[in-house]
Amino acid sequence: MSFELAPTSADLDRLLERHAASGHAASVTAEDPARARTAVVMTMGALHDGHATLVRAARAHVGPAGFVVVTVFVNPLQFGAGEDLERYPRTLDADLKTAEEAGADAVFAPSADEVYPGGSPQVTISAGPMGERLEGASRPGHFDGMLTVVAKLLHLSRADVTFFGRKDAQQLALVRRMARDLNFPVEIVGVPTVREGDGLALSSRNRYLSVAERRTALALSRALFAARDRLGAQHALRARAESSPTANGRAAGLSALGEARLAADAHAVAAAVPRSRPCGADAVRAAARVVLGEAARTVPPLTLDYLALVDPADFTEVPDDHTGEAILAVAARVGATRLIDNITLTFGASP
C-alpha cells in the first residue's frame, strides 16, 4: 500500500477500509494478532526527528502489515489567549516527506472545520485536577483542548495503539488517565525524549530561537542533568558512608578516598538521620535551581515558569523523603519562546 495524504475523515476512512480489505490484514493469524493493528502518532506538524522517532516506534510495534497514521493538526482548542497559534509553524510538504521516510502509511491533515464542524465543540473533555497543575496552571484550558482532540483523533483513526513523547510528560499522563477513566480501548506507549547533540530537547519551537537564545535555553537540560547527577552523588555518598559501621568510620573511609568535603557531609548525615532515610528530593531541586538561577542572569535571560519534582501519578509535588519515581519538570521562556523539558528520577532508600 502506497503512502497517502488524507485531508478529510472520509479520505482516512477510505484508506483504513482499503487496508482492512488488503492481503496484509487477511493474513493475520491467531499467533500474530498484532500484525493488522492500527497505530496513530498525533502531531501539530513541523515534524522533526523526535516525531520521526515516534513514527519509527509505531512501525516497529505494529509490524509491516500494520497501519501507521500520522495526524497533522494545529489544534486551536489548546492555544490560549496570546499564545502562538498563528505563529505556529506549518510545513505540510516537509511533514509528508518526514512521515513517509519514517514509515507511516498515511498522514491525516484535516482542517479545523473538518475536526470541529460548526465551530468549537459544546461538549469537551475535562482534564480534571491534574490538568490544572504545572502546564495547566500556566496555560488554562490547554489540557481540556488537548484531550478533546486526542479523543476525536483516536476515534477517527480507529487506533489500537498510540505513541506520545515523554518530553510532554504531563500530556502523556493525562492521555493515559483519560483512556483509563473513560475506558478507551487503546494502548498508549510513551517514547523517550529525543535530544539534539547539545542536550536541548527536540521541539518544533526550537526554530524560533536565535543563536544567543539557544545558548541560554540549554540551561533547561543542564539543570535537569545537574539534578540527576546530584541524586547520583547522594546515593553514592550514602552507600559509601554506610559501608562503615560508625559515623567516624564512614567519614574516615571517605577521607581515605580523598573526599574531605564529602566526608564532612557523611559525618553530618550519619549523625542526623536514620540509615533508611532516602536521598532528599529538596537537594535535587536545589541543584537544578542553581543552574536556572545562573541562566536568569545571562543575556538574553531565561525566565523560569516552574521547576517541579512531581509524582507521575498525579503531578503533585513530592516530599523530601519521597521514594520511587518522580518527574523533574521545567518550563521557561527565552525571548518570546516557551520551552519545556523533564527527566524521570528514581529515589530509593539506602541499603
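Reader: Which residues of α8 are met by Phe143, Met146, Leu147, Val150, Ala151 and Leu154 in α7?
Author: The model is a predicted one. In it, the six residues named belong to the α7 side of the contact with α8. Their partners in α8 are Gln170, Gln171, Leu174, Val175 and Met178.

Reader: At what angle do α7 and α8 pack, and is α7 parallel or oblique to α8?
Author: The axes of α7 and α8 are 11 Å apart, and the angle is about 55 degrees. Angles under 35 degrees count as roughly parallel, and those from 65 to 115 as roughly perpendicular. The value for this pair therefore makes α7 oblique to α8.

Reader: Is the crossing of α7 and α8 left-handed or right-handed?
Author: Two packed helices are described by the angle between their axes and the distance between the axes. The handedness of the crossing of α7 and α8 is given as well: right-handed.

Reader: Which element supplies the largest share of the largest nonpolar core?
Author: This core has 46 residues, and Leu147, Val150, Leu154, Met178 and Phe315 have the most contacts inside it. At least two of its residues come from each of several elements, including α1 (9-20), β2 (38-43), α8 (169-181) and β8 (324-334). The largest share, eight residues, comes from α7.

Reader: Which residues does Val150 touch, not counting those up to four places away in sequence?
Author: Val150 is among the residues with the most contacts inside the largest core, and Val150 also takes part in the contact of α7 with α8. Beyond four places in sequence, the residues touched by Val150 are Met42, Phe164, Val175 and Met178.

Reader: Is Pro140 buried or exposed?
Author: Pro140 is in the loop between α6 (135-138) and α7. Exposed means over 50% relative accessible area. Because its relative accessibility is 65%, Pro140 counts as exposed.

Reader: Which residues of α4 make the contact with α3?
Author: The axes of α3 (residues 49-62) and α4 (residues 92-102) come within 8 Å and cross at roughly 35 degrees. Their crossing is right-handed. From α3 the contact involves Ala52, Val55 and Arg56, and from α4 it involves Thr98, Ala99 and Ala102.

Terms used. Residues are numbered from 1 along each chain as its sequence is written. This is a predicted model: local features need pLDDT of at least 70, side-chain atom pairs count only at pLDDT 80 or more; totals for chains, interfaces and linings use all residues. Side-chain values use heavy atoms; hydrogens and water are left out. A nonpolar core is a set of buried Ala, Val, Leu, Ile, Met, Phe, Trp, Tyr and Cys residues joined through side-chain atoms within 4.5 Å. Buried means under 20% relative accessible area, exposed over 50%, partly exposed in between (1.4 Å probe, protein chains only). Helices (H or I, at least four residues) and strands (E, at least two) are DSSP runs, numbered from the N terminus. Contact means heavy atoms within 4.5 Å. Axes are lines fitted to C-alpha atoms, for helices over the stretch in contact, and angles run from 0 to 180 degrees between N-to-C directions. Angles under 35 degrees count as roughly parallel, over 145 as roughly antiparallel, 65 to 115 as roughly perpendicular and the rest as oblique. A crossing is left-handed if the near helix is turned anticlockwise from the far one by less than a right angle, and right-handed if clockwise.
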